[in-house]
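This report describes one protein model for a reader who is new to structures. Please look at the sequence and the model first, and then read on.

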Amino acid sequence: MRIFENLEAFLQKLSVEAKQMDLKSEIIPEKLPKHIAIIMDGNGRWAKQHGKPRVFGHRNGVKAVRETTEAAAELGVSYLTLYAFSTENWSRPKVEVGALMRLLVETLHKEINTLNKNNIRLQAIGDISLLPEATHRALLKGIENTKDNTRMTLVLALNYSGKWDIAQATRKLADQVKEGVISPADINEDLLAQSLSTHAIPDPELLIRTSGERRISNFLLWQLAYSELYFSPVFWPDFRKEQFYQAIIDFQRRERRFGKISEQLV
């Protein structure tokens, strides 16, 4: 009986891989988004479906992070930003928040070698100084140990909110005005963008949100101004290369006009 079960699992795996390869072949390398951002949603509801506590969903979501990061790097995406923990998430039950922080430390320790092996650089955005000491230390260590990698940059948004980002950028500019470095008349969109936490990376061309929710939840509010939005019904722990490829294919079928008309793009 076990032989048949193993054979069935093997055949199912082959079928999934074949479908992934078919989808991957549809992607046009020249039209690949340089920066993809993802709101990883649905861990708790996925766990509830399986009769497990919410932490079980977060743990299973790590596999989706690994597969998506691998897929992005293989395709040639330059930047992948994952919304890992928002400022609003602190209001969740303390048990869940504590488990999330411990999981982050555990995952960072396990995955740093994999990131280095795949030439992927780790960075973070958000007010990371407010993270628990162990989490903050593990994050900084991961950033330091991968700083020379060049294939792709994986950005973790931790204790991040779009409103916080715009507010801290505004404070920076206000300080520069106060110090006489710039005048109020100097402040424009470019100057504000240079003060955001994402000043060193391009704005995302594509935002993916899982679990069927259709909102951006205070994520990269300034940076998503002209991003294409893609909403997947799949809960994050079930998100795999197949769904990632589907999002990119959908993106590549859209016409990005940036305020112009179709005829101007020819």
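Q123 sits in strand β3; helices (H or I, at least four residues) and strands (E, at least two) are DSSP runs, numbered from the N terminus. This is a predicted model, in which local features need pLDDT of at least 70, side-chain atom pairs count only at pLDDT 80 or more, and totals for chains, interfaces and linings use all residues. Residues are numbered from 1 along each chain as its sequence is written, and side-chain values use heavy atoms, with hydrogens and water left out.

The relative accessible area of Q123 is 25%, so Q123 is partly exposed. On this scale, buried means under 20% relative accessible area, exposed means over 50%, and partly exposed lies in between (1.4 Å probe, protein chains only). With neighbours within four places in sequence left aside, Q123 is in contact with I143, T153, L154, V155, L156 and I201, where contact means heavy atoms within 4.5 Å. Of these, L156 is 33 residues from Q123 in sequence, and the two C-alpha atoms are 6.3 Å apart in space.

## The chain as a whole

The protein chain contains 8 helices and 6 strands. Their order along the sequence is α-β-α-α-β-α-β-α-β-α-α-β-β-α. Of the 266 residues in the chain, 44% are buried.

How many of the contacts between residues at least 6 apart in sequence join residues at least 24 apart? The share is 77%. The accessible surface of the chain is about 14,900 Å², and carbon and sulfur atoms account for 53% of that surface. Such areas come from the Shrake-Rupley method with a 1.4 Å probe; for residues, only the protein chains shown count as cover.

## Two pockets

A pocket is found on a 1 Å grid over the protein atoms alone, as an open set of points where a 1.4 Å probe fits, with protein on both sides within 12 Å along at least five of seven lines; lining residues have an atom within 4 Å of a point. Grid points are joined across faces, edges and corners, and a volume is the space filled by probe spheres set on the points.

The largest pocket has a volume of about 1,100 Å³. It is lined by 45 residues, and those closest to its centre are M40, V65, Y83, A84 and W236. Elements that give two or more residues to this lining are α2 (43–49), α3 (54–75), β2 (79–86), α4 (94–117), β3 (120–125) and β4 (152–160). Helix α3 gives the most, with 10 residues. The lining of the largest pocket has 21 nonpolar, 12 polar and 12 charged residues. Here Ala, Val, Leu, Ile, Met, Phe, Trp, Tyr, Cys and Pro count as nonpolar, Asp, Glu, Lys and Arg as charged, and the others, Gly among them, as polar.

The second largest pocket has a volume of about 220 Å³. Q123 is one of its lining residues, which also include W164, H199 and I201. Strand β3 gives the most to this lining, with 3 residues. The lining of the second largest pocket has 6 nonpolar residues, 5 polar residues and no charged ones.

## Salt bridges

Side chains of opposite charge can pair when their charged atoms come close. A salt bridge is a side-chain nitrogen of Lys or Arg within 4 Å of a carboxyl oxygen of Asp or Glu. The whole structure has 19 salt bridges.

One of them joins E111 and R66, at 2.9 Å from N to O. E111 is in helix α4 and R66 in helix α3, 45 residues apart, and the pair links distant parts of the chain. E111 is buried at 18% relative accessible area, whereas R66 is partly exposed at 40%. Another salt bridge joins E74 and K241, with the closest N and O atoms 3.5 Å apart. E74 lies in helix α3 and K241 in helix α8 (residues 241–252), so this pair ties together parts that are 167 residues apart in sequence. E74 is partly exposed at 37% relative accessibility, and K241 is buried at 11%. Elsewhere, salt bridges that share partners join D41, R45, R209, E213 and R215 into one network.
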